[in-house]
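Trainee: I have a structure to go through and I'm new to this. Can we take it piece by piece?
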Amino acid sequence: MLLVLDSNEYLFAFGAAKQPASVQLVEWLTTHHQTHQIRIPRLIVEEIRRNVSAEVFREVLEVIQLFTTTDEDILVPFEFGVKYERHGLKPADAFIAAYTEWVGAHVLIREHRHFLTRQVDLPFQVVRAQNFLDHHMLRPR
Amino acid sequence: MSDKTTKELRHRLTHIRELMAKQRSPLSSMTKEQVIEAIRKTREELWEAKFAPRT
């Protein structure tokens with residue numbers, strides 16, 4: 001199963017605020033890499049960098065390199081983003097949706113409340129960490 | 001992923017959390033909603049700087 005993790009999941013897993021589900025999610029994924037792969041765009045790496053110290057970011061990069069594939073933003077076809085902007089997303093969020101579709105991910109995991117959740121024809125699921133864990137921790141694939 | 005890599009990942013995650021707590025990252029003292037809002041602002045700023053000039 002291919003997953004895209006939004007930057008808030010990483011930052012919560014690293015200790016931002018108190019969000020045990022995100023901590024649990026990232027730890028669970030470290031032991032399920034063979035069945036659950038993670039890809040993220042460069043934008044997410046940059047968002048993390050902007051919100052942590054240089055010392056922390058050095059460690060974060062090591063973690064990301066160990067269990068995440070990073071793609072350059074520029075690779076995502078422009079028209080994918082336009083489609084999601086037309087659905088009402090802001091350009092940057094539209095890009096994340098476009099990226100998720102472009103890589104063929106099954107699930108986008110993020111904590112934002114509003115993200116096209118009323119769209120029934122999305123080619124991927126959008127879930128929070130807790131929802132993902134509820135569905136997958138007891139059902140290993 | 002080998003057990004060794006999983007072990008290393010867990011060790012590094014623990015280290016990151018220790019650093020975040022030690023450095024008193026602003027994010028550490030925020031609520032979940034505040035963190036989400038902070039990241040949203042970051043995303044918009046990065047997007048503006050990176051792609052807006054091209055559109």
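Trainee: Which residues of helix H7 in chain A are buried?
Mentor: In H7 (residues 129-136) of chain A, they are A:Ala129, A:Phe132, A:Leu133 and A:His136. Buried means under 20% relative accessible area, exposed over 50%, and partly exposed in between, with a 1.4 Å probe and protein chains only. Helices (H or I, at least four residues) and strands (E, at least two) are DSSP runs, numbered from the N terminus.
Trainee: Where do those buried residues sit around the axis of H7(A)?
Mentor: They fall within an arc of 95 degrees, so they line one face of the helix. The arc is taken from the directions from the helix axis to the C-beta atoms.
Trainee: What covers them?
Mentor: The cover includes strand E1 (2-5), helix H1 (7-13), helix H2 (20-30), strand E4 (107-109) and strand E5 (125-127) of chain A.
Trainee: Before I go on, what are the ground rules?
Mentor: This is a predicted model, where local features need pLDDT of at least 70 and side-chain atom pairs count only at pLDDT 80 or more, while totals for chains, interfaces and linings use all residues. Residues are numbered from 1 along each chain as its sequence is written, chains are lettered from A and ligands numbered from 1 in the order in which they are written, and side-chain values use heavy atoms, with hydrogens and water left out.
Trainee: New topic. How many salt bridges cross the interface of chain A and chain B?
Mentor: The rule finds eleven. A salt bridge is a side-chain nitrogen of Lys or Arg within 4 Å of a carboxyl oxygen of Asp or Glu. One of them pairs A:Glu111 with B:Lys32 at 3.1 Å, N to O.
Trainee: Which element gives the largest share of chain A's side?
Mentor: H4(A) does, with eight residues on the side that touches chain B.
Trainee: And inside chain A, what does A:Asp6 pair with?
Mentor: A:Asp6 forms a salt bridge with A:Arg110, 2.9 Å from N to O. A:Asp6 is in the loop between E1 and H1 and A:Arg110 in the loop between E4 and E5, so the pair ties together parts of chain A that are 104 residues apart in sequence.
Trainee: Is A:Asp6 buried or exposed?
Mentor: Buried, at 0% relative accessibility. A:Arg110 is buried too, at 1%.
Trainee: What about B:Glu8 and B:Arg12?
Mentor: Their side chains meet in a salt bridge of 3.0 Å, N to O. They are four residues apart in helix H1 of chain B, about one helical turn. B:Glu8 is partly exposed at 32%, and B:Arg12 is buried at 17%.

Notes. Contact means heavy atoms within 4.5 Å.
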